Amino acid sequence: ASYYNYIDDSEKCYEFSLKLIKLIEAYPQVIETNVNFPTQFLYRHSIQCYNTGRYHESLEYISRMELLKPKSESQKLNIFLKAYNTKLNVYFRMGNLKKCLQLIPEIEKLLDKHTDSDKLLTEIIYWQVTSLLMITEEYKLALKWLVKANIAQDSNIRQDLECIGRIMEIVLHYELGKFDIMEYRIK
């Protein structure tokens, strides 16, 4: 599955990812012993499902992942973050922006409550929500999420994300009519 993912053959990756899921599910003791293992592969398979246009199937695998019984708060949070990440992607690709927007309050509550979550996944979700809010012309909220994203990130932010964030901020200030701030940010 990883090989086909690296060479960008989504159909083959989906095929082998599905075989891996079936193999894992054939041995329930593996699932009971280490929730992180099936979580990761259910999450990866859900990504392959939406990459190949199998949106409803992707949501089914996320539902399976959400039914796992985590042994710690950290595992529980990891499952929720992966579920929200996938749901946002699936609903967005399906063109269901309303469903995406309905998830935002739940996501916000989760992220505000747990500041020690997976940094990369948290960062991705902040960017997803900011982009979604920009698309739906909720500029004030988008700026709020962009500020949260910048606060949540440490000084090791990826350079490409930092540049995108700065551009997004300039666009948001323009859309909100804050030209004085926009000019400062451009400089």
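Valine 90 is buried, with a relative accessible area of 0% (buried means under 20% relative accessible area, exposed over 50% and partly exposed in between, with a 1.4 Å probe and protein chains only). The structure is a predicted model, in which local features need pLDDT of at least 70 and side-chain atom pairs count only at pLDDT 80 or more, whereas totals for chains, interfaces and linings use all residues. Residues are numbered from 1 along each chain as its sequence is written, and side-chain values use heavy atoms, with hydrogens and water left out.

Valine 90 belongs to helix H6 (helices are DSSP runs of H or I with at least four residues, strands are runs of E with at least two, and both are numbered from the N terminus). Apart from neighbours within four places in sequence, valine 90 is in contact with Tyr50, Tyr55, Ser58 and Leu59, contact being defined as heavy atoms within 4.5 Å. The C-alpha atom of valine 90 is separated by 24 Å from that of glutamate 25, and the two residues are 65 apart along the chain. Lysine 87 is also placed in helix H6. This lysine 87 counts as buried because its relative accessibility is 16%. Beyond its neighbours within four places in sequence, lysine 87 is in contact with Leu59, Ile62, Glu66 and Leu103.

The chain as a whole contains eleven helices and zero strands. Its C-alpha atoms fill a box of roughly 60 × 35 × 30 Å, taken along the principal axes. Of the 187 residues in the chain, 41% are buried. Among contacts between residues at least 6 apart in sequence, 61% join residues at least 24 apart.

Helix H6 (residues 73-93) packs with H4 at an angle of about 5°, and the two axes are 10 Å apart. Axes here are lines fitted to C-alpha atoms, for helices over the stretch in contact, and angles run from 0 to 180 degrees between N-to-C directions. The angle makes H4 roughly parallel to H6 (angles under 35 degrees count as roughly parallel, over 145 as roughly antiparallel, 65 to 115 as roughly perpendicular and the rest as oblique). On the H4 side, the contact is made by Asn36, Thr39, Gln40, Tyr43, Ser46, Tyr50 and Asn51. The H6 side contributes Gln75, Asn78, Ile79, Lys82, Asn85, Thr86, Asn89, Val90 and Arg93. The residues of this contact divide into four nonpolar, ten polar and two charged, where Ala, Val, Leu, Ile, Met, Phe, Trp, Tyr, Cys and Pro count as nonpolar, Asp, Glu, Lys and Arg as charged, and the others, Gly among them, as polar.

The largest pocket has a volume of about 330 Å³. On a 1 Å grid over the protein atoms alone, a pocket is an open set of points with protein on both sides within 12 Å along at least five of seven lines, whereas a cavity is a set of points where a 1.4 Å probe fits but cannot get out; lining residues have an atom within 4 Å of a point. Grid points are joined across faces, edges and corners, and a volume is the space filled by probe spheres set on the points. The largest pocket is lined by 13 residues, of which Ser2, Asn5, Gln40, Arg44 and Gln48 are the closest to its centre. Helix H1 (2-6), helix H2 (10-25) and helix H4 (36-51) each supply at least two residues of the lining, and H4 gives the most, with six. The lining comprises seven nonpolar residues, five polar and one charged. Glutamine 40, in helix H4, counts as partly exposed at 24% relative accessibility. Glutamine 40 and glutamate 25 are 15 residues apart in sequence and 13 Å apart in space, C-alpha to C-alpha.

Backbone geometry was examined in two loops. Most residues other than glycine have a negative phi. Aspartate 8, however, has a positive phi, near 65°; aspartate 8 lies in the loop between H1 and H2 and counts as exposed at 64% relative accessibility. Phi of glutamate 137 is likewise positive, near 60°. Glutamate 137 is found in the loop between helix H8 (119-135) and helix H9 (139-152), and its relative accessibility of 56% places it in the exposed class.
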